Amino acid sequence: MSSSDSPLSGQRILILVGEIYEDLELWYPKLRLEEAGATTTIAGPAADQHYNGKHGYPCTSDAAIADMNANDFDALIVPGGFMPDKLRRDPVLLQLVRDFDAAKKPIAAICHGGWIPISAGVYRGVRVTGSPGIKDDLVNAGATYEDEAVIVDGHHITSRRPDDLPEFCRAIIRMMSSQS
């Protein structure tokens, strides 16, 4: 396999999971990024815990969020669904997001996933998109909202909905490929 077949070879990506995550917004990036050569770790509130997606697709976490360290990963993926509204109440997770942000590592949030970076306080002055349902939250957090399929601003990658997943994943791969 050539490096063009595996542009993310050797890179580690942390993906968040919790109850009622958006099925496609977790699984599509996970599989696409693994296909590009990355290693993914799915972390939820508890390790080896079964979580149901919004549409019933199951996911078992590899690790607990509390055991994760931004230094061990090259990027963070934040799927949407109803999951982010509960997870954003975890101060350990919010510090983890701030650590990714401070290190300028890619933080990719889609749909309602933007609630977690909002609560971590890392969107002030950042151009973003997300579900129209959280537009006011994004703006109130100090972000500049744009209704686009994908927005890349610095190390932040944001998308609106599952239909935007192809562009979202291409943007993640482009950003991570340029950093390796």
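Of the 58 residues in the largest nonpolar core, which touch the most other members?

A: Ile13 and Tyr123 touch the most other members of that 58-residue core. A nonpolar core here is a set of buried Ala, Val, Leu, Ile, Met, Phe, Trp, Tyr and Cys residues joined through side-chain atoms within 4.5 Å. Helix 6 gives the most to this core, with seven residues. In soluble globular proteins, nonpolar side chains tend to be buried together.

Some ground rules come before the details. This is a predicted model, in which local features need pLDDT of at least 70 and side-chain atom pairs count only at pLDDT 80 or more, while totals for chains, interfaces and linings use all residues. Residues are numbered from 1 along each chain as its sequence is written, and side-chain values use heavy atoms, with hydrogens and water left out. Helices (H or I, at least four residues) and strands (E, at least two) are DSSP runs, numbered from the N terminus.

Take Ile13. Contact means heavy atoms within 4.5 Å. Leaving out residues up to four places away in sequence, Ile13 touches Leu8, Leu33, Ala38, Thr39, Thr40, Thr41, Phe73, Ala75, Ile77 and Met176. One of these, Thr39, is found in strand 2. Thr39 counts as partly exposed, at 44% relative accessibility. The classes are buried (under 20% relative accessible area), exposed (over 50%) and partly exposed (in between), with a 1.4 Å probe and protein chains only. Between the C-alpha atoms of Thr39 and Asp163 there are 24 Å, and along the chain 124 residues.

In helix 1, Leu33 is buried, as are Asp23, Glu25, Leu26, Pro29 and Lys30. Their cover includes strand 1 (12-16), strand 2 (39-44), strand 4 (58-60), strand 6 (75-78), strand 7 (107-110) and helix 6 (165-179). The length of helix 1 can be checked. The expected span of a helix is 1.5 Å times one less than its number of residues. For the 13 residues of helix 1 (23-35) this gives 18 Å, and the end C-alpha atoms are 18 Å apart, which agrees. Just after the helix, Gly37 takes a positive phi of about 105 degrees.

Rings of Phe, Tyr and Trp (its six-membered ring) pair if their centres lie within 6.5 Å; planes under 30 degrees apart count as stacked, over 60 as edge-to-face and the rest as tilted. The count by this rule is one pair. Trp27 and Tyr57 form it edge-to-face, with 5.5 Å from centre to centre and 75 degrees between the planes. Trp27 sits in helix 1 and Tyr57 in the loop between strand 3 (50-52) and strand 4, 30 residues apart. Trp27 is partly exposed, at 21% relative accessible area. Tyr57 is partly exposed too, at 47%.

Now the sheet. Two strands pair if DSSP finds at least two bridges between them. The open sheet has seven strands in the order 5-2-1-6-7-11-10, with mixed pairing. Strand 5 (63-64) and strand 10 (150-153) stand at the edges with a single partner strand each, so one side of each lacks a neighbour in the sheet. Helix 6 packs on this sheet, touching strands 1, 6, 7, 10 and 11, and its direction makes about 170 degrees with that of strand 11. Axes are lines fitted to C-alpha atoms, for helices over the stretch in contact, and angles run from 0 to 180 degrees between N-to-C directions.

Strand 11 has two partners to follow. With strand 7 it runs parallel, joined by four bridges; Ile107 stands opposite His156. With strand 10, strand 11 (156-159) pairs antiparallel, over four bridges. Here Val150 is the bridge partner of Ser159, and Val152 that of Ile157. Two residues lie between the strands of this hairpin, where Gly154 takes a positive phi near 60 degrees. Both faces of strand 11 are covered, with His156 and Thr158 buried on one side and Ile157 and Ser159 on the other.

Two last backbone points remain. Most residues other than glycine have a negative phi. Ile20 has a positive phi, near 65 degrees, in the loop between strand 1 and helix 1. Lys104 also has a positive phi, near 60 degrees, in the loop between helix 3 (91-102) and strand 7. Ile20 is partly exposed at 36%, whereas Lys104 counts as exposed at 54%.
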